[in-house]
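Me: Hi, I've got a new model open and would like to talk it through. Could you walk me around it?
Reply: Happy to, let's look at it together.

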Amino acid sequence: IERIARGKAADSTLIFVIEDDAQNGADHVDARRSVAFVVGPYVRHGALVSTRYTTLNILRTIEAVLGLKPLGLNDALASPMADVFDLSESQWSYRADAAGILRMTRLPIAPERFNVRASNVSGACSGRSAEYWQAAMEGQNFRSEDRLDADAFNSALWRGLGTGPEPMLRDGRDLRRQRGVWAKSVEPAPCAFGD
């Protein structure tokens, strides 16, 4: 990681994206798992890294790349995310495409920056109404954090946003094999935006 910090791509941007809190959102492995993305120079291209990392590992990695000392004992003891990086991957590019739903805003986004797929999907689906979501979230406590009935909340989200039967079984399958086949078989979820 320190070699990356001293690399020639010092003027490039390294981006870490992590879900704030999985909120017991079940997937095929574990209900506490979150997805994280790392993009930028020296990041392995198209890689799926399944090493168990926590937010502290991300913080420690950022500190190491920036040449900063750890903030405290917990991040000092965390390992940097070394297997996410490859020193031979110094070239990278990124283009931010706007989601179609942003066409409804007054943001100054050039028409050619809109994601074509998202624009087509959002124009073709009806979404769910405010009344639907009000009924689906009946009885949920949003007054303070961690007061939701997580199972009921996730089930309501799936019914409102998902496609197909709700996944209930956590079987620990390794979906890295034939990822392309899996990805092509997934239907896009209907829009969350409606009348």
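Reply: One term to begin with: contact means heavy atoms within 4.5 Å. This is a predicted model, where local features need pLDDT of at least 70, side-chain atom pairs count only at pLDDT 80 or more, and totals for chains, interfaces and linings use all residues. Residues are numbered from 1 along each chain as its sequence is written, and side-chain values use heavy atoms, with hydrogens and water left out.

Me: Thanks! What does Val 38 touch?
Reply: Setting aside residues up to four places away in sequence, Val 38 touches Leu 14, Ile 15, Phe 16, Val 43, Met 81, Val 84 and Phe 85.

Me: And which residues make up the largest nonpolar core?
Reply: There are seven: Val 38, Tyr 42, Val 43, Ile 58, Met 81, Val 84 and Phe 85. A nonpolar core here is a set of buried Ala, Val, Leu, Ile, Met, Phe, Trp, Tyr and Cys residues joined through side-chain atoms within 4.5 Å. Buried means under 20% relative accessible area, exposed over 50%, and partly exposed in between, with a 1.4 Å probe and protein chains only.
Reply: Another core, of five residues, lies apart from the largest one, and includes Trp 133, Ala 136, Met 137 and Phe 153.

Me: How many helices and strands does the chain have?
Reply: Seven helices and two strands. Those are DSSP runs numbered from the N terminus: helices are H or I with at least four residues, strands E with at least two. The order from the N terminus is α-β-β-α-α-α-α-α-α.

Me: Which residues of helix 2 are buried?
Reply: Asn 57, Ile 58, Arg 60, Thr 61, Glu 63, Ala 64 and Val 65. Ile 58 also belongs to the largest core.

Me: New topic: where does Gln 140 lie?
Reply: In the loop between helix 5 (130-136) and helix 6.

Me: Why does Gln 140 count as buried?
Reply: Because its relative accessible area is 15%. The Gln 140 side chain reaches the backbone nitrogen of Asp 149 at 2.9 Å. Beyond neighbours within four places in sequence, Gln 140 contacts Leu 148, Asp 149, Ala 152 and Phe 153, and Phe 153 is one of the residues in the five-residue core.

Me: What about Ser 155, buried or exposed?
Reply: Buried, because its relative accessibility is 14%. Ser 155 lies in helix 6 (residues 150-161). Its side chain has a polar contact of 2.9 Å with that of Arg 159. Polar contact means a pair of N or O atoms within 3.5 Å; within protein, one must be able to donate a hydrogen and the other to accept it, and residues adjacent in sequence count only if both atoms are side-chain atoms.
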